[in-house]
Amino acid sequence: ETRTGWKPLHLAVATIPGPTPDAPYVLAGGHLDAWYHGGTDNAGANVAMLEMARAFSRHQDRLLRGLVVAWWPGHSNGRYAGSTWYVDQEFDELRRRALAYVNFEGLGQIDAKRFGANATASLTELARNVVGEEVEESVRPSPPGRNSDQSFNGVGLPRLQFNHSRLSEDGGYWWWHTPDDTRDKVDAQVLKTDADIYAAALAYLLAQPEYPVDLSATVVRLGSILRGRQEAAGDRFDLSEALLRHRQLVQIIDWVEGSIPSEYTPGVDLALVSILRPLHRILYTNLGPYHPDPAVSLGPLPGLSAVEMLVSNDPTTDRYRFALTTLQREQARILEALDEAHARANELLGVLMGG
């Protein structure tokens, strides 16, 4: 039974509770539907997710945070409808207790040699560390786009996905979305390597006393994009107030990160993510938290993409005026997000300092 009285066919969820009924949790997911046979897209990932749920369930007594594993329908034919439906149903629970979203996609490809990842800035360092530790490879994670189940940006969840693919000189991923994506395209040893990488990342997220999100990386990325937009806009639009508040946020984030205890402290992980939520929303969404963006990539800080229209049109035109109005509204959203993140950081700093 659901709050709306219906649910998508085939959506499945496994829950491994944390140490208390209301403990925070990490959400892991991957799409269940496939084109044709779907050996590597996405059956290999689905199997790894099932084994991951079993393994962490066996070691539930060692977890500091819970794990929810979901198999999404409607990935391609519904443009990520299953995960979007889940957000609509569980938004309040996700907002109060979820800490991150880890996406499983394309695991076990034969002859896979290239390792990579895409992640929000807050989990980029974790992605680098895990790949380095597990396979002794260096990766440069890219930011998430809107080409998969990135349905949790409005909730403000840090996101992580690992990639392990064939090289173009070896033929690349030629069978993707074709009838040839069959069982023989899945290599058991590659699948184990991929599963080990995901298991290591989840182990950090679920059992490490100090929750491994990087606040500074998110704030630095936001500042870099803001400065780039200001440079592109020139004297046609002024982002100086946003840049000022951003500098103030940088300072308090430094204080917060220097005060985080190394031992597990209940509530700190959720408090860290609460600082990130408003920043993730402006970095990765355009419409806001409650109405998911269309499933198209708009680039970083998408609300300021109107800068391009502003600088390419004459100030007397309607296109210029529309762009200017859009930017004024978006700057208000950015200022609010910076203020909210600052307030949350100040609250946490007071707790950590015993004030």
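In which helix is the place of Gln230? Gln230 sits in helix H5, which covers residues 215-233. The model described here is predicted. Gln230 has a relative accessibility of 16%, so this residue counts as buried. Setting aside residues up to four places away in sequence, Gln230 touches Phe237, Asp238, Leu239, Ser240 and Leu243.

Helix H2 runs over residues 81-97 and holds 17 residues. From the first C-alpha of H2 to the last, the reach is 22 Å. Buried residues of H2 include Gly82, Ser83, Trp85, Tyr86 and Val87. Further along, Gln89, Phe91, Leu94 and Arg97 are buried too. What lies over them? The cover of the buried residues of H2 includes four strands, S1 (12-16), S2 (25-31), S3 (66-72) and S4 (98-103). Helix H7 (268-284) is also part of that cover.

Thr84 is another residue of H2. Its relative accessible area is 16%, so Thr84 is buried. Thr84 touches Ser151 and Pro292, with residues up to four places away in sequence not counted. Thr84 and Val130 are 46 residues apart in sequence. In space, their C-alpha atoms are 28 Å apart.

The axes of H2 and H7 come within 9 Å. They cross at roughly 120 degrees. The two helices H2 and H7 are therefore oblique to each other. On the H2 side, the meeting residues are Phe91, Leu94, Arg95, Arg96 and Arg97. On the H7 side, they are Leu270, Arg277 and Arg281. The residues of this contact divide into 3 nonpolar and 5 charged, with no polar ones.

Ala271 also lies in helix H7. With a relative accessibility of 18%, Ala271 counts as buried, because the cut-off for buried is under 20%. Ala271 and Asp180 are 91 residues apart in sequence. From C-alpha to C-alpha, Ala271 and Asp180 are 46 Å apart in space.

Helix H3 spans residues 121-135. At 1.5 Å a residue, its 15 residues should span 21 Å. The end C-alpha atoms of H3 are 22 Å apart, which agrees. The buried residues of H3 are Ala121, Ser122, Leu123, Thr124, Leu126, Ala127, Val130 and Val131. Which elements cover them? The cover includes strands S4, S5 (114-119) and S6 (159-165). Helices H4 (188-207), H5 and H7 are also included. Just after H3, Glu136 takes a positive phi of about 55 degrees.

Helix H9 covers residues 318-352 and has 35 residues. Just after H9, Gly354 has a positive phi of about 80 degrees.

Most residues other than glycine have a negative phi, and most peptide bonds are trans. Tyr36, however, has a positive phi, near 60 degrees. Tyr36 lies in the loop between S2 and H1. Is Tyr36 buried or exposed? At 54% relative accessibility, Tyr36 counts as exposed. His177 is not a glycine, yet its phi is positive, at about 60 degrees. His177 lies in the loop between S6 and H4. With a relative accessibility of 23%, His177 counts as partly exposed.

A cis peptide bond joins Asp41 and Asn42. Its omega is about 25 degrees. Asn42 lies in helix H1. Arg54 lies in H1 as well, and this helix runs over residues 39-58. Arg54 has a relative accessible area of 44% and is partly exposed. Arg54 and Ala14 are 40 residues apart in sequence. In space, the C-alpha atoms of Arg54 and Ala14 are 9.4 Å apart.

Methods:
Residues are numbered from 1 along each chain as its sequence is written. This is a predicted model: local features need pLDDT of at least 70, side-chain atom pairs count only at pLDDT 80 or more; totals for chains, interfaces and linings use all residues. Side-chain values use heavy atoms; hydrogens and water are left out. The expected span of a helix is 1.5 Å times one less than its number of residues. Buried means under 20% relative accessible area, exposed over 50%, partly exposed in between (1.4 Å probe, protein chains only). Contact means heavy atoms within 4.5 Å. Axes are lines fitted to C-alpha atoms, for helices over the stretch in contact, and angles run from 0 to 180 degrees between N-to-C directions. Angles under 35 degrees count as roughly parallel, over 145 as roughly antiparallel, 65 to 115 as roughly perpendicular and the rest as oblique. Ala, Val, Leu, Ile, Met, Phe, Trp, Tyr, Cys and Pro count as nonpolar, Asp, Glu, Lys and Arg as charged, and the others, Gly among them, as polar.
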